[in-house]
Amino acid sequence: MSGSIRIGTIFGIPIKINYTWLFIFALLTLSLGLYYFPQRYSDWPTWQYWAVALATTLLFFASVLVHELMHSLISIAQGVPVRDITLFIFGGVSSLTEEPRSAGSEFMMALVGPLSSIVLAAIFGLIWLLSRRFAPPLAAICFYLAGINLSLGFFNLIPGFPLDGGRVLRAILWAATGNIRQATAVATQVGRLIAALFIVGGLGLVFLGQAANGLWLAFIGWFLDNAAQQSYRQMLLTEMLRGVSARDIMTTECAQVYPGLLVESLVHDYLLAQGKRCFVVIQDGKLLGIVTVHNVKTAPRDRWPMLTVQDIMTPLALLKRVAPQDEAIDVLRRMDEADVNQMPVIEGDRLIGLVARDQVLRLIRTRAELGM
């Protein structure tokens, strides 16, 4: 997810927060500190409202993290690696490197998240019961967290893809039909229908005078609709590229330049004359790096006659690379993450080819036209 920063690692899984998380973190803290706790505990000092509000918000997102960690740990146990977990405006998301390998795996991975939220709700509810007489602030925190975790658990069980409940539905359909594409299509349509109901319900609340709640509900519906469509497209993309490796789509005819070539000559004699956008930089048969149109654009135009390719290239040490056996879908994902259009294919310490984004997209278009 773009706009995210890494804050740590748990069980070997990178944890990130998206910039939208900062907005919802601040909004929830303000809502709790200004309205929720003052309305229920009028005798508290002001500082206590804010301390409890901050602690509640932190524990809420810790609960969301537990929810996603359970998804991720079950995924890893099922043999599907997890790239990272990202907290954002609507909670959290676990980024898997591939689709679940069976309907049973999908069912377990999807169901464990809501169940973990419901278990957390029970734990916070028990702490509330035990602490409400002697520790009112702790009880207040746990009462709120019990309710919101219970809501989170049951909300995620709604059978609308890509919510956990929608993935449970897809797993059941997948097991029944043996066709993940068909199962995903049906689960996606159910998800879009539920999203539409959210939007209509939200607009209805707006007309009834509850503008804030209505707009938020409609916004959630809009997000779910987009997420359903995007998840379906991602599944189709994965299916189209299944079994295709970097070796299958790379070009072995890599245009080369030498490091001492002036940038001005690179532009006129290579980029414009040959129509290529990427060149490998080679000296004495050794790969030094790659130079692209993007590298040229970062160099001031008036410096082109003085700068060399070595001055502007991306050196080998900083180069994003793939192995020949890496799957094409993973190569495309790495390109997106690194925001590059080409990746060298390295075997050992030897350059054996180059994968360009347009090659992957061309393959996707061809397979789609052939119904593959």
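**Entry 1: E3 and its partners**

I started with strand E3 and strand E4 (residues 91-96), which pair in the antiparallel sense over six bridges. This is a predicted model, so I'm reading a prediction here. Inside that pairing I found Leu87 opposite Gly92 in E4. How many residues does the hairpin use to join E3 to E4? I found two residues in that link.

Next I looked at E3 and strand E2 (residues 13-18). These two pair in the parallel sense, over three bridges. Here Lys16 stands opposite Thr86 in E3. Then I checked whether E3 is covered: six of its seven residues are buried.

**Entry 2: helix H12**

E3 turned up again when I looked at helix H12 (residues 328-338), as part of what covers the buried residues of H12. Which residues of H12 are buried? I noted Ala328, Ile329, Val331, Leu332, Arg333 and Met335.

Just after H12, I found Asp339 with a positive phi of about 55°.

Asp339 made me look up some background. Most residues other than glycine have a negative phi, and most peptide bonds are trans.

Phe11 is one: its phi is near 55°, a positive value in a residue other than glycine. Where is Phe11? I found it in the loop between strand E1 (4-10) and E2. Is Phe11 buried or exposed? Its relative accessibility is 63%, and the cut-off for exposed is over 50%, so Phe11 counts as exposed.

For the peptide bonds, I found that the one from Phe161 to Pro162 is cis, with omega near 10°. Pro162 lies in the loop between helix H4 (136-156) and H5.

**Entry 3: H5 against H6**

H5 packs with helix H6 (residues 180-207) at an angle of about 145°, and their axes are 8 Å apart. The crossing of H5 and H6 is right-handed.

Which residues meet? From H5 I listed Gly166, Leu169, Arg170, Leu173, Trp174 and Thr177. On the H6 side they meet Ile180, Gln182, Ala183, Thr184, Val186, Ala187 and Val190. I sorted the residues of this contact into eight nonpolar, four polar and one charged.

**Entry 4: the four-strand sheet**

I then turned to an open sheet of four strands, with the order E5-E6-E7-E8 and mixed pairing. Strand E5 (256-257) and strand E8 (314-315) stand at the edges and have a single partner strand each, so one side of each has no neighbour in the sheet.

Strand E6 (residues 278-283) and strand E7 (residues 286-292) run antiparallel and are joined by six bridges. One pair I looked up is Ile282, with Leu287 in E7 as its bridge partner. Helix H9 (residues 263-274) lies across E5, E6 and E7, and runs at about 130° to E6.

**Entry 5: cysteines**

How many disulfides are there in the whole structure? My search found zero. Cys142 has a relative accessible area of 2%, and buried means under 20%, so Cys142 is buried. Cys278 is buried too, with a relative accessible area of 9%.

Notes. Residues are numbered from 1 along each chain as its sequence is written. This is a predicted model: local features need pLDDT of at least 70, side-chain atom pairs count only at pLDDT 80 or more; totals for chains, interfaces and linings use all residues. Side-chain values use heavy atoms; hydrogens and water are left out. Axes are lines fitted to C-alpha atoms, for helices over the stretch in contact, and angles run from 0 to 180 degrees between N-to-C directions. A crossing is left-handed if the near helix is turned anticlockwise from the far one by less than a right angle, and right-handed if clockwise. Contact means heavy atoms within 4.5 Å. Ala, Val, Leu, Ile, Met, Phe, Trp, Tyr, Cys and Pro count as nonpolar, Asp, Glu, Lys and Arg as charged, and the others, Gly among them, as polar. Buried means under 20% relative accessible area, exposed over 50%, partly exposed in between (1.4 Å probe, protein chains only). Two strands pair if DSSP finds at least two bridges between them. A disulfide is a pair of cysteine sulfur atoms within 2.5 Å.
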